Amino acid sequence: MSTSRAAISNIHVTGWHSVLKCHEMYGPGPLTPKQEERYWAECVTAAELQTCKPSDVPRSREEVRAYYAEVRPRLCTSERAHQGMHYLVRTEGGKGRRKISAVSRLMAPATIATLPKWMRTVGGSDQPALVDRVVVPATRTAIRSLVNRGPQTYLSVLGDVIPATRRVAAQHLLHRTTPPNPHTLTPAEAKLRYGRPAS
C-alpha cells in the first residue's frame with residue numbers, strides 16, 4: 001500500500017469507526033447484527049469514493065481491531081499534528097466561528113472520551129478518567145433529550161451552529177423517501193454502467 005493510500009485508509013477507517021462509537025455511546029446504542037453488517041459493507045463502498053482499495057478496508061469490528069494493531073506501530077506524530085488535533089477538538093473562535101468554537105469546547109471532553117488511551121497519547125489529547133466517567137452519561141442524556149424533543153428542535157440547534165450539517169440532517173429527518181431502487185451501486189459498478197469508454 002502506498003503512503004498516500006495508507007493515509008487515506010487510516011482517515012477513512014478512523015472516521016467510520018468513530019461514527020459507530022459515538023452512535024453507541026451517545027446515540028440509540030448498538031446496531032443490530034444485520035444493521036452492523038450493512039454498516040461495514042457501506043464503509044467499503046464509501047472507501048472506494050476516496051480511492052481506497054476495497055481489499056484494504058476492514059469489514060467488521062474484529063477486522064478494525066486487527067487493522068489498528070497492524071498500523072499502530074507505524075504511526076508517528078509531530079507538534080504540527082498535535083496543533084491540528086487540538087484545532088479540530090477545540091475550534092478557535094473568530095469571525096463567524098464563535099458559536100461553533102463554544103460548542104466544540106463544550107463537546108471536547110465527550111469527544112476525547114470516545115478515544116482509546118493509546119490514541120489520546122499519540123494525539124496529545126488525554127484527560128483524567130474521572131472526566132470520562134462524568135461526561136459520558138451527561139452527554140448521552142443531553143443528546144437524547146434534544147433528539148426526543150423532535151427533529152425541528154434538533155435541526156434548529158444545528159442550524160444555529162453548523163448550517164451545512166443541518167441541511168444534510170434535514171434531508172434525512174424531514175424528507176425521507178423510498179428510493180426507486182433499493183440497490184446501491186458501488187463506484188466500480190457505476191463506472192462499468194455509466195463510465196465513458198477509454199479513448
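This is a predicted model: local features need pLDDT of at least 70, side-chain atom pairs count only at pLDDT 80 or more; totals for chains, interfaces and linings use all residues.
Me: Are Y39 and W40 buried or exposed?

Reply: Y39 has a relative accessibility of 15% and therefore counts as buried, the cut-off being under 20%. W40 is also buried, at a relative accessible area of 2%.

Me: Which residues do ring pairs link into a cluster?

Reply: The cluster consists of W16, Y39 and W40, linked by ring pairs.

Me: How many salt bridges does the structure hold, and what is the general idea behind them?

Reply: Side chains of opposite charge can pair when their charged atoms come close. Seven salt bridges are present in the structure. One of these is formed by the side chains of R61 and E24, at 2.1 Å from N to O. R61 belongs to helix 3 (residues 61-71) and E24 to helix 1 (residues 3-26), so this pair ties together parts that lie 37 residues apart in sequence.

Me: How accessible are R61 and E24?

Reply: R61 is partly exposed, with a relative accessible area of 26%. E24 also counts as partly exposed, at 21% relative accessibility.

Me: Which salt bridge do the side chains of E36 and R61 form, and which helices hold these residues?

Reply: The side chains of E36 and R61 meet at 2.6 Å, N to O. This pair links distant parts of the chain, with E36 in helix 2 (residues 33-49) and R61 in helix 3, 25 residues apart. E36 is buried, its relative accessible area being 13%.

Me: Where do R120 and D132 lie, and what does their salt bridge tie together?

Reply: The side chains of R120 and D132 form a salt bridge of 2.8 Å, N to O. R120 is in helix 6 (residues 117-123) and D132 in helix 7, so the pair ties together parts twelve residues apart in sequence. Both residues, R120 and D132, are buried.

Me: Which residues are linked with R120 and D132 in a network of salt bridges?

Reply: The network of salt bridges links K117 and D126 with R120 and D132.

Me: What can be said of A129 in helix 7?

Reply: A129 lies in helix 7, which spans residues 129-148. At 47% relative accessibility, A129 counts as partly exposed. Between A129 and P30 there are 23 Å in space, C-alpha to C-alpha, and 99 residues in sequence.

Me: How is the packing of two helices described, and at what angle do the axes of helix 8 and helix 9 cross?

Reply: Two packed helices are described by the angle between their axes and the distance between the axes. The axes of helix 8 (residues 151-161) and helix 9 (residues 163-174) come within 7 Å and cross at roughly 160°. Because angles over 145 degrees count as roughly antiparallel, helix 8 is roughly antiparallel to helix 9. Their crossing is left-handed.

Me: Which residues make the contact between helix 8 and helix 9?

Reply: On the side of helix 8, the contact is made by P151, Q152, Y154, L155, L158, G159 and V161. Helix 9 contributes P163, T165, R166, A169, A170, L173 and L174.

How values were computed: Residues are numbered from 1 along each chain as its sequence is written. Side-chain values use heavy atoms; hydrogens and water are left out. Buried means under 20% relative accessible area, exposed over 50%, partly exposed in between (1.4 Å probe, protein chains only). Rings of Phe, Tyr and Trp (its six-membered ring) pair if their centres lie within 6.5 Å; planes under 30 degrees apart count as stacked, over 60 as edge-to-face and the rest as tilted. Helices (H or I, at least four residues) and strands (E, at least two) are DSSP runs, numbered from the N terminus. A salt bridge is a side-chain nitrogen of Lys or Arg within 4 Å of a carboxyl oxygen of Asp or Glu. Axes are lines fitted to C-alpha atoms, for helices over the stretch in contact, and angles run from 0 to 180 degrees between N-to-C directions. Angles under 35 degrees count as roughly parallel, over 145 as roughly antiparallel, 65 to 115 as roughly perpendicular and the rest as oblique. A crossing is left-handed if the near helix is turned anticlockwise from the far one by less than a right angle, and right-handed if clockwise. Contact means heavy atoms within 4.5 Å.
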